[in-house]
Amino acid sequence: VAAVATAIALVLGTLASLAVARYAFFGRQTISFLLVLPIALPGVVTGIALRTTFVTLGIDFGLLTIVVGHATFCVVIAFNNVIARLRRLPRSTEEASADLGADGFSTFRRVTMPGMRTALLSGGLLAFGLSFDEIIVTNFTAGAGTQTVPMWILSAIQRPTELPVVNVVALVLIVISVIPVWLATRIASEGALSRG
């Protein structure tokens, strides 16, 4: 779930950040606000809103709804990282690429993308870490019989015979959650040092 939600978030967050950072259009500030809103709202509010939406649209609950739920708040992480990097990247290199005859895709692939690579990587790692241990939104968007690791821990912790297993799994989760965040901060700081 975390991997798929992160992939979706990276694509949508990058596209949105490119649109907001590089183009002037009506509603640009509103789109920025709406993209950041899911992380600012409490998880319970986001979970209830998603559940109501899925029920209204007649979508069956399962892994797909969990992925959509996680992607809604992971998009914020990708969007914020990429737009911050795009605001620091000089436009002159993109303009020079266009002046030399490169089309939009070539300019993106050879100039813009290398400049925001570390922002994408750190944003992806942070989004994965956030999604991997999410429990609140997952409870609202999971269907019957659908269970993620955090949901299993929540149910198993109430059974005393399962506590040793829960402790081991919790330790593994902590390590798995800390490593992406640590890598993301290292990548972001190295990217800042290489540009400085």
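## A tour that starts at the pocket

Let's begin with the lining of the largest pocket, whose residues divide into five nonpolar, three polar and five charged. The model on your screen is predicted.

**Stop 1: the pocket.** The largest pocket has a volume of about 280 Å³. Select R22, Y23, E94, T107 and T112: of the 13 residues lining this pocket, these are the closest to its centre. Now colour α1 (2-22), α5 (91-99) and α6 (104-132), the elements that each give two or more residues to the lining.

**Stop 2: the whole chain.** Zoom out and switch to a cartoon view. Along its principal axes, the C-alpha trace spans about 65 × 40 × 25 Å.

**Stop 3: a pair of helices.** Next, select residues 43-57, which form helix α3, and residues 63-88, which form helix α4. Their axes are 11 Å apart, and the two helices pack at an angle of about 135°. Why is α3 called oblique to α4? Angles over 145 degrees count as roughly antiparallel and those from 65 to 115 as roughly perpendicular, so the angle here falls into the oblique group. Turn the view to follow the crossing: α3 passes α4 in a right-handed one.

**Stop 4: where the pair touches.** Colour them by class and you will see three nonpolar, four polar and no charged residues.

Methods. Residues are numbered from 1 along each chain as its sequence is written. This is a predicted model: local features need pLDDT of at least 70, side-chain atom pairs count only at pLDDT 80 or more; totals for chains, interfaces and linings use all residues. Side-chain values use heavy atoms; hydrogens and water are left out. Axes are lines fitted to C-alpha atoms, for helices over the stretch in contact, and angles run from 0 to 180 degrees between N-to-C directions. Helices (H or I, at least four residues) and strands (E, at least two) are DSSP runs, numbered from the N terminus. Angles under 35 degrees count as roughly parallel, over 145 as roughly antiparallel, 65 to 115 as roughly perpendicular and the rest as oblique. A crossing is left-handed if the near helix is turned anticlockwise from the far one by less than a right angle, and right-handed if clockwise. Ala, Val, Leu, Ile, Met, Phe, Trp, Tyr, Cys and Pro count as nonpolar, Asp, Glu, Lys and Arg as charged, and the others, Gly among them, as polar. On a 1 Å grid over the protein atoms alone, a cavity is a set of points where a 1.4 Å probe fits but cannot get out, and a pocket is an open set with protein on both sides within 12 Å along at least five of seven lines; lining residues have an atom within 4 Å of a point. Grid points are joined across faces, edges and corners, and a volume is the space filled by probe spheres set on the points.
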